[in-house]
Amino acid sequence: MPEPLRLQVTLETVTPLLLHGTEPGGEPELRPPSFRGMLRYWLRAALGGMLSGSNLLTDLHRLETAVFGSTDYGSPIGLRVLGTDPKKERVFILPHKPKGSHHAIASGQSFELLLTQNRTQKPEIWEAACAALELAVAFGGVGMRSRRGYGTLRIVQADSDQVAVSPRIRKGWYEHIERVTRRAINAATRLARSEKAQLVERLPEGPGMFPSANQTGIIRLGTLQYPSAMDGVVAFMEEVKAVPALGGIKPRQASPLWLRSVQMEGGYGLLFVVLASHLKNRGEDYEWVKQFLSKFDGQDIRVKGWNT
């Protein structure tokens, strides 16, 4: 029997990871379900804007299941977090306010993530899983408060050219964002075609039914630099307004805005990604979001097939 396809990456925590463990209230743990959920979310984000027709949600669930499984269908993608005992710490849930702390895996910790797939499975499934991993690390995070800068990771080593090491200079980030999004778009397209899903001719112009690539979406790389990754997160949180367009608790609505600190020459900058979607409280004022993000000096990035 041929050896399975495999991708092993070394990940480093850029900001603390607010994760739970197997025991309620216990120490945080690096467990596969947390990472599988992260990959599933970003595969959905890449697929959602390109699917069309009356069976859109059915097709999306079918494609997502083909890669990462469901309660009725085991995933063809194996995912393991290889042995590690990272340093733990307590951090403030709201980093700009010294109250309400939580157990976390500290920043600066390294660990291995291993993806595998039997070679008898469709190559489109493997390509989609690898693209989802790279997209998730570039734009997202894992654990609580990951939309607000916690849980940020970077790839420091990979044993395959399926993914690239995270940049550490500004120019590298522009090139990386372009490459990662295009790879995700291409992988999602090939997966959809292999599963006979209906595709759009061009991306939707307004917010989608759920967080996904569309023409209202925003990618913005800030030029302001901070001494540390958490300094950037704190600076952003001090500017955040309690407005429906950035999510909320009543009704509970996840923010369409993802923030992460990225390393550049001499410090850290902020990367903003907006997955424009309809919000439960009808606060989808994405023009306001764009104006709010313009307070952070930087450059908007347009990628054909992702937000244009």
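**Reading a predicted model**

Modeller: Let us start with a single side chain, bearing in mind that this is a predicted model. Glutamate 134 is buried, with a relative accessible area of 1%.

Colleague: What is the cut-off for calling a residue buried?

Modeller: A residue counts as buried when its relative accessible area is under 20%. With a value of 1%, glutamate 134 is therefore classed as buried. This residue is found in helix H3. Leaving aside residues up to four places away in sequence, glutamate 134 touches Gln162, Val163, Ala164, His176, Arg179, Val180 and Arg183.

Colleague: Is leucine 63 buried or exposed?

Modeller: Leucine 63 is buried, its relative accessible area being 0%. It lies in helix H2, which covers residues 56-68. Its contacts, again without residues up to four places away in sequence, are Leu47, Leu51, Leu191, Ala192, Glu195 and Ala197.

Colleague: How should I read the packing of two helices, and at what angle do H1 and H4 cross?

Modeller: One considers the distance between the axes and the angle at which they cross. The axes of H1 (residues 32-48) and H4 (residues 170-194) come within 9 Å and cross at roughly 80 degrees. Angles of 65 to 115 degrees count as roughly perpendicular, so H1 is roughly perpendicular to H4.

Colleague: Which residues make the contact between H1 and H4?

Modeller: H1 contributes Leu43, Ala46 and Leu47, while H4 contributes Ala184, Ala188 and Leu191. These residues divide into six nonpolar, no polar and no charged. As a general idea, an α-helix has 3.6 residues a turn, so residues three or four places apart point the same way.

Colleague: What span does H4 reach from its first C-alpha to its last?

Modeller: H4 has 25 residues and reaches 36 Å, close to the 36 Å expected at 1.5 Å a residue. Just after H4, lysine 196 takes a positive phi of about 60 degrees.

Colleague: In what order do the strands of the open sheet stand?

Modeller: The four strands follow the order S8-S9-S7-S10, with antiparallel pairing. S8 (257-264) and S10 (298-300) are at the edges; each has a single partner strand, so one side of each is left without a neighbour in the sheet. On average, neighbouring strands are turned by 20 degrees against each other, direction ignored.

Colleague: How many bridges join S7 to S9?

Modeller: Four bridges join S7 (residues 218-222) to S9 (residues 267-274). Arginine 220 stands opposite phenylalanine 272 in S9. Helix H3 (residues 123-139) lies across S7, S8 and S9, at about 85 degrees to S8.

Notes
Residues are numbered from 1 along each chain as its sequence is written. This is a predicted model: local features need pLDDT of at least 70, side-chain atom pairs count only at pLDDT 80 or more; totals for chains, interfaces and linings use all residues. Side-chain values use heavy atoms; hydrogens and water are left out. Two strands pair if DSSP finds at least two bridges between them. Axes are lines fitted to C-alpha atoms, for helices over the stretch in contact, and angles run from 0 to 180 degrees between N-to-C directions. Contact means heavy atoms within 4.5 Å. Angles under 35 degrees count as roughly parallel, over 145 as roughly antiparallel, 65 to 115 as roughly perpendicular and the rest as oblique. Ala, Val, Leu, Ile, Met, Phe, Trp, Tyr, Cys and Pro count as nonpolar, Asp, Glu, Lys and Arg as charged, and the others, Gly among them, as polar. The expected span of a helix is 1.5 Å times one less than its number of residues. Buried means under 20% relative accessible area, exposed over 50%, partly exposed in between (1.4 Å probe, protein chains only).
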